Amino acid sequence: MPGTAPAPRAATPDASPRCRWCTDDPLYVRYHDQEWGVPSRDPRHLFEMLILEGFQAGLSWLTILRRREAFRAAFFGFDPQALAHTDDAWVQDQMQNATIIRNRLKLQATGTNARAWLTLDDPAALIWSVVDHAPRIHHYAPGDAIPTAGPEAQALSRLLKHHGFTFVGPTICQAYLQAVGCLMDHTTDCHRHAALAGG
């Protein structure tokens, strides 16, 4: 999940209880309330989130969210067909782009992962296969130890690496699976838990 340490309860304008990693930043609140943990099978969204989770490694997720629109502009709207044709010149251009995260290895991995993505017959089915094609609903209470690289993430990491992806270690895959709703890890005190758990 975004963040690495419990934070105080987010003091948001509507006072709705939220997962403790969610700050009062409006961008973070919208992401938490509208996107994180919502099941997604849209290939473009799944690809975008996989790339962004790779860029997040070593950084805060809020840092990524604040640059998301810049990434979309620089990365052709996360069109894997376009990104598959990027080369060293494109990487060098992006290394001068101060609006995104400038990391040469991650930029190179973007093209690699786009090409790998295009080899998959059904990317969404492959991703969802690690949870048997249905959201895995958890009921973690505040303070519970939530895995940072559970068995589903380890399985997805192996699958993606087998298909030629990079920057897809188990920790990145754990955050990814939570983000796209394969793992529903909103805590039980969060106002989104009941809706996404079917309660």
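On a 1 Å grid over the protein atoms alone, a cavity is a set of points where a 1.4 Å probe fits but cannot get out, whereas a pocket is an open set with protein on both sides within 12 Å along at least five of seven lines; lining residues have an atom within 4 Å of a point. Grid points are joined across faces, edges and corners, and a volume is the space filled by probe spheres set on the points.

The model is predicted: local features need pLDDT of at least 70, side-chain atom pairs count only at pLDDT 80 or more, and totals for chains, interfaces and linings use all residues. Residues are numbered from 1 along each chain as its sequence is written, and side-chain values use heavy atoms, with hydrogens and water left out.

The whole structure holds 1 cavity of 30 Å³ or more. Its lining comprises L50, I51, G54, F55, K106, A109, T110, N113, T166, F167 and V168. Two or more of these residues come from each of α2 (43-56) and α7 (104-118); helices are DSSP runs (H or I, at least four residues) numbered from the N terminus.

The second largest pocket is lined by L27, R30, Y31, Q34, E35, L65, R68, E69 and R72. Both α1 (26-34) and α4 (68-74) supply at least two lining residues, and α1 gives the most, with 4 residues.

The table sets out volumes and lining classes (nonpolar: Ala, Val, Leu, Ile, Met, Phe, Trp, Tyr, Cys and Pro; charged: Asp, Glu, Lys and Arg; polar: the others, Gly among them).

| Space | Volume | Lining residues by class |
|---|---|---|
| Largest cavity | about 60 Å³ | 6 nonpolar, 4 polar, 1 charged |
| Second largest pocket | about 160 Å³ | 3 nonpolar, 1 polar, 5 charged |
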